[in-house]
Amino acid sequence: MKAAVWHGAKDIRVKDVDLKPLQDNEVTVKVAWTGICGTDLHEYLEGPVYVPTEGPDPLLGGQAPITLGHEFAGVIERIGKKVTNYQVGDHVAINPTVTNADRPSDIDVYSGYSFIGLASDGGFASHANIPEDNLVRLPKNFPLRLGAVIEPAAVAVQAIKRNGLTFGQNVAIFGAGPIGCLVAAAAKAAGANRIIICDLSPQRLAKALELGATDTINSGEQDPVQRIKELVPGGVDASFEVAGVQVTFNQAILATKPLGTMTLVSIFGHPIEFNPMILTNTGVKITSTIAYSQATFLETAELITKGSLQVEPVITKEIPLDDIVTDGFEALTTDKSQAKILVNLDGLNN
């Protein structure tokens with residue numbers, strides 16, 4: 001089968017590979033759609049980040065070269081001998097997170113985690129073998145292309161829950177990439193009042209409006225903190241840092257009202273510095289989130305399949321696997337109008 005395989009930074013090869021033997025607790029998924037994640041892009045540009053290269057991953061056993069892709073959905077073609085809850089023909093989304101499963105759901109991910117598609121072969125291939133515990137059944141009339149957006153949307157839903165956002169509160173989001181836009185959509189679904197999003201890209205800001213933002217601020221043209229406090233005197237109840245740079249970290253704190261909460265969603269590639277007095281003088285609380293719990297993934301799938309959480313506008317491009325480097329990874333590097341690029345694996349528009 002054809003797959004997009006990571007060999008190193010700037011070295012992703014579309015080539016024929018063999019599907020590994022099906023284990024008794026696994027199903028073979030015929031992949032329909034897979035999204036390119038910001039983490040995949042980091043692996044392409046500067047990896048390894050999560051891809052294990054020095055030895056097998058302790059949870060999944062994978063090691064480079066790895067077939068990337070952890071945001072995907074498809075149809076079950078085969079089932080292992082010990083699979084009991086799924087059958088051939090079921091439509092499924094994949095929860096790629098694997099943990100030690102030794103703590104309660106809300107803190108389980110913090111005991112250690114890996115991702116299918118980063119630490120073992122994933123969804124940039126025509127087929128993938130997935131453990132039964134990592135499947136979520138989808139309605140057969142639900143578009144599988146939207147099933148591929150459940151995973152990044154779960155990151156956004158977890159961020160909203162971690163922040164403690166409540167109905168009627170005002171929100172500021174720093175960074176209008178795919179996750180930032182999905183945080184806007186999740187905030188809208190959670191009943192936020194004003195949803196203000198800041199970015200340097202006019203195209204991304206326009207996309208954020210489609211996904212639920214009420215106001216946009218071009219940070220290259222206006223001081224975002226000043227403008228936010230003009231829109232919401234005193235500052236917002238909740239802020240989300242989704243850009244992963246020094247300046248937005250500080251701005252997110254400064255835009256938050258006294259005793260409000262700032263949530264770190266992005267993964268920072270480098271250490272940053274800040275003056276703790278900007279917290280001490282306001283009582284702003286900082287919290288953070290990584291990935292999502294299994295419960296949040298299931299909740300997100302239900303919100304999307306029932307139409308309570310609108311995610312389709314985040315999709316900006318659909319490409320074939322053969323073009324994943326030029327029209328996928330390189331496009332995300334150079335074209336700031338792109339948000340979520342989906343790879344069509346089965347050739348159908350389902």
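Strand 3 (residues 26-35) is mostly covered in this predicted model, with nine of its 10 residues buried, where buried denotes under 20% relative accessible area, exposed over 50%, and partly exposed the range in between (1.4 Å probe, protein chains only). Helices (H or I, at least four residues) and strands (E, at least two) are taken as DSSP runs numbered from the N terminus. Residues are numbered from 1 along each chain as its sequence is written, and side-chain values use heavy atoms, with hydrogens and water left out. Because the model is predicted, local features need pLDDT of at least 70 and side-chain atom pairs count only at pLDDT 80 or more, whereas totals for chains, interfaces and linings use all residues.

Two strands are regarded as paired if DSSP finds at least two bridges between them. Strand 3 pairs with strand 9 (residues 127-131) in the antiparallel sense over five bridges, and Thr28 stands opposite Asn129 of strand 9 in this arrangement. Eight bridges join strand 3 to strand 5 (residues 71-79), again antiparallel, with Lys30 opposite Val75 of strand 5. Strand 18 (residues 340-344) also runs antiparallel to strand 3, to which it is joined by three bridges, and here Trp33 stands opposite Asn344.

Within strand 3, Val27 counts as buried because its relative accessibility is 0%. Contact being defined as heavy atoms within 4.5 Å, and with neighbours within four places in sequence left aside, Val27 is in contact with Leu22, Ile76, Arg78, Ile79, Val83, Ala128, Asn129, Ile130 and Leu135. The C-alpha atoms of Val27 and His42, by comparison, are separated by 29 Å, although these residues are 15 residues apart along the chain.

A further group of three strands forms an open sheet in the order 2-1-4, with antiparallel pairing. Strand 2 (11-16) and strand 4 (66-67) stand at its edges and have a single partner strand each, so that one side of each is left without a neighbour in the sheet. Strand 1 (residues 2-8) pairs with strand 4 over two bridges in the antiparallel sense, and Trp6 stands opposite Ile66 of strand 4.

Turning to the helices, the 12 residues of helix 5 should span 16 Å at 1.5 Å a residue, and the end C-alpha atoms are 17 Å apart, which agrees; the expected span is 1.5 Å times one less than the number of residues. The buried residues of helix 5 are Gly180, Cys181, Leu182, Val183, Ala184, Ala185, Ala186 and Ala187, and the elements that cover them include helix 4 (150-163), strand 11 (171-174), strand 12, helix 6 and strand 14 (236-241). Helix 5 is followed by Gly191, which has a positive phi near 95°.

In helix 6 (residues 202-210), the buried residues are Arg204, Leu205, Lys207 and Ala208. Seen down the axis of helix 6, these buried residues fall within an arc of 155°, so they line one face of the helix, the arc being that of the directions from the helix axis to the C-beta atoms. An α-helix has 3.6 residues a turn, so residues three or four places apart point the same way. The cover over the buried residues of helix 6 includes helix 5, strand 12, strand 13 (215-218) and strand 17 (315-320). Just after helix 6, Gly212 takes a positive phi of about 130°.

Arg194 is located in the loop between helix 5 (178-189) and strand 12 (195-199), and counts as partly exposed because its relative accessibility is 29%. Its side chain is joined to that of Asp215 by a polar contact of 2.8 Å, a polar contact being a pair of N or O atoms within 3.5 Å of which, within protein, one must be able to donate a hydrogen and the other to accept it, while residues adjacent in sequence count only if both atoms are side-chain atoms. Not counting residues up to four places away in sequence, Arg194 touches Gln169, Asn170, Val171, Thr214, Asp215, Leu231 and Val232. The C-alpha atoms of Arg194 and Gly212 are separated by 9.6 Å, the two being 18 residues apart along the chain.

Thr296, in helix 10 (residues 294-305), counts as buried because its relative accessibility is 0%. A polar contact of 2.7 Å joins the side chains of Thr296 and Gln158, and, leaving aside neighbours within four places in sequence, Thr296 is in contact with Ala154, Val157, Gln158 and Lys161.
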